[in-house]
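Here's a quick briefing on the fold you're about to look at. Have the coordinates open as you read.

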Amino acid sequence: MSHSTFRVPSWTLLLLIWMQIPSTFAAQPAQPARQPDRKTAMHEVIARLDALIADEIAQGNVTGISLALIHDQQIIYARAYGLADRAKNQPATTDTIYRAGSISKLFTAVSAMQLAEQGRLDIDKPIGDYIPGFSIANPFENSKPVTARQLMSHRSGMIRESPVGSYFDDTNPGIEATVKSIAPCALVIPPDTKTKYSNVGPTIVGHAVEKISKLDFESYQRQHLLGPLKMNASTFVMSDDYRGRLSNSYLPVADGRGGFKVIESPQFDLGTLPAGNLYSTAPDLARFVMCLFADGKAGDVQVIKPQTLKEILTPQLTTNATGFGLGFSI
């Protein structure tokens, strides 16, 4: 947990700790020492987390946090701290729903790779093969075509934001109109030459998921990811069923004078929905991580094959040991 130079009063924290607790918080002594039993060690971890979070809230860096701690395919600790809404003095709870932001990209990548497993999507073919009418100018001679692999690993040279559908566009244009809006734009760098983060790239992949599956993105997620994972408090499209539990979060934006001001985060659905529109709770996100730790399995359901998950979690189109996998930052 790090301190911010500006105040961001509300955000979600999902803390995931691999429970090798005796070696987690202190260097091992030269001579073997008596280690605490696991129950005692977990209590120590939780006490330290409570103290860290209390300090963050006391300093005004955040207003509310929801937390889930997992071990061995179980949520062993869930707690909320502070407020979900300052104006209403509404406490945060473990059921508080937050916009999970770019965690959305991970779900988009898993969805695309489910289709790849079925032979319905080749992530190395031009993405236009799956989206009729897809267009963006490519001013670079002899460059590679844009592919889903590049888009998911931020190696496509794509612009960062689309002309419509961003965090500051409350017109709810939808995914298709958002993707179409990039047609007058141009790639910034040649595909597969450099890492450049983009919210448009995963959105294009999400639109391909829609076209291939013949389901809208929310329906695909509900049927093939959120449902099997039992993430029943999560959604990609806000509705009245969820709005009453939604945190009133805040966002720092440039003030035009070299500093920042804090505004309320948008509560409308983004056009870049596959890149940043997931709403979830800390316990629900913990279920997603448990699936990753279980080699892609959720209960009796194999959500994604272990070998596919391994590819997802491998840095793409680079020889570096770190970088972007398929959706995931490695």
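**Overview**

Of the 330 residues in the protein chain, 48% are buried (buried means under 20% relative accessible area, exposed over 50%, partly exposed in between, with a 1.4 Å probe and protein chains only). This is a predicted model, so local features need pLDDT of at least 70 and side-chain atom pairs count only at pLDDT 80 or more, while totals for chains, interfaces and linings use all residues. Residues are numbered from 1 along each chain as its sequence is written, and side-chain values use heavy atoms, with hydrogens and water left out.

**Chain-level numbers**

- The protein chain holds ten helices and nine strands; these are DSSP runs numbered from the N terminus (helices are H or I, at least four residues; strands are E, at least two).
- Take the contacts (heavy atoms within 4.5 Å) with a separation of 6 or more: 68% of them link residues 24 or more positions apart.
- Accessible surface comes to about 16,000 Å², and carbon and sulfur atoms own 52% of that (Shrake-Rupley method, 1.4 Å probe; for residues, only the protein chains shown count as cover).

**Nonpolar cores**

- The largest nonpolar core has 52 residues, and F107, I127, M152, M158, I204 and L229 have the most contacts inside it; such a core is a set of buried Ala, Val, Leu, Ile, Met, Phe, Trp, Tyr and Cys residues joined through side-chain atoms within 4.5 Å.
- Elements giving two or more residues to this core include helix 5 (200–213), helix 6 (217–226) and helix 9 (282–293).
- Helix 2 supplies the largest share of this core, seven residues.
- Setting aside neighbours within four places in sequence, I127 touches F134, V146, T147, A148, L151, I204 and A208.
- There's also a second, separate core of ten residues, with V45, L49, L67 and Y77 among them.

- An open sheet of three strands runs in the order 1-2-3 with antiparallel pairing (two strands pair if DSSP finds at least two bridges between them).
- Strand 1 (64–71) and strand 3 (90–91) are the edges, each pairing on one side only.
- Eight bridges join strand 1 to strand 2 (residues 74–85) in the antiparallel sense, and A68 has A78 in strand 2 as its bridge partner.
- Helix 1 (residues 38–58) packs on the sheet, touching strand 1 and strand 2, and its direction makes about 15 degrees with that of strand 2; axes are lines fitted to C-alpha atoms, for helices over the stretch in contact, and angles run from 0 to 180 degrees between N-to-C directions.
- Helix 9 lies across strand 1 and strand 2, at about 30 degrees to strand 1.

**Cysteines**

- The disulfide count is zero, taking a disulfide as a pair of cysteine sulfur atoms within 2.5 Å.
- C185 is buried at 17% relative accessible area, and C291 is buried at 3%.
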